[in-house]
Amino acid sequence: MKTLIAVVLAILFFTSTSCEEIEKSPFVVGGVDTSILDHPYMAGIHVNWQGAGFVPFCGASIITRRSVLTAAHCLVRNATHQASASEVRVSVGSSYRLGTGGMFYDVFRLIRHPEYFLDNDYINADVAVVRLIWPLVFSRIVQPIPLGDFRVEAGNRVMVTGWGFVGNEGQVATRMQRILLTAITNLRCWWIHRNIIPAWVTPEMVCLLPDHPNRGVCGGDSGGPIEFNGHVVGIACWTLRPCGSGPSVYVRVSEHYQWISENV
């Protein structure tokens, strides 16, 4: 099944993560604890859906002092409710899912890609920039990461991080997790999903596989980065469920490099 690493649509599981069912809530399954000291570009997206209180919902990457990069589906609850700027805040400088010990910043504007589209058959341009009211204070634990304008190729080993589920029974990471995954060809990725949701594997995506089964992103990881050669090259989008049973699918930053650069 498919899971949007953040909301349940039908047969997917999103990384905010997506894939036995789509659910915007991915996690890193089979990863290891890591620290914000090693990944100071990591940020958390916390959403207050219609006054219910702020909760951790997705990951993000710090791009400039006033902007972070995440997945567009992280800012959409359902077909009738898109988050407003006042319903979102961003945590930085913390190794923990709840933002413990870090700093929280209010949001000035949410900018979803104008071509963003999602339904049970197709997903496109799952990219968003979150602009902050006040500039970030950079330090050893709060740092930007450059945008990658190059494509990750099959065989490249990449780092992914997140605070999503760490198991298929709903266990959520309290501390940031990381795992190394390997990029595969889109043709191979399409073949794996051909009887499930092949239209969700598009040229703008990059698919990642673990070295061993039952490892990968899951619900709650949506919006988080692929880091490769010191650049953010992907944004967590969706995966199959049970998490770790198939490729983790990310949006390529290189495919939207110009739009992101113009909106940060």
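Is Val130 buried or exposed? In this predicted model, Val130 has a relative accessible area of 0%. Buried means under 20% relative accessible area, so Val130 counts as buried.

Val130 belongs to strand β13, which covers residues 128-132. Its contacts, leaving aside neighbours within four places in sequence, come from several parts of the chain: Ile45, Arg66, Ser67, Val68, Thr70, Leu75, Val90, Val107, Arg109 and Leu110. Phe108 is 22 residues away from Val130 along the chain, yet the C-alpha atoms of the two are separated by 7.8 Å.

Strands of a sheet pair through backbone hydrogen bonds, either parallel or antiparallel. Here six strands form a closed barrel in the order β4-β5-β6-β13-β10-β9, and the pairing is antiparallel. From one strand to the next, the twist averages 40°. Arg112 has Ala128 of β13 as its bridge partner.

Trp49 and Phe57 are both buried.

Arg89 is placed against two rings. Its charged end sits over the ring of Phe54, 4.5 Å from the ring's centre. Arg89 also lies over the face of Phe104, again at 4.5 Å from the ring centre.

Technical notes
Residues numbered from 1 in each chain as written. Predicted model: local features only at pLDDT ≥ 70, side-chain atom pairs only at ≥ 80, totals over all residues. Heavy atoms only, no water. Helix = DSSP H or I, 4+ residues; strand = E, 2+ residues; numbered from the N terminus. Buried < 20%, exposed > 50% of the residue type's maximum accessible area, 1.4 Å probe, protein only. Contact = heavy atoms within 4.5 Å. Pairing = 2+ DSSP bridges. Axes fitted to C-alpha atoms, helices over the stretch in contact; angles between N-to-C directions. Lys NZ or Arg CZ within 6 Å of the ring centre and 35° of its normal.
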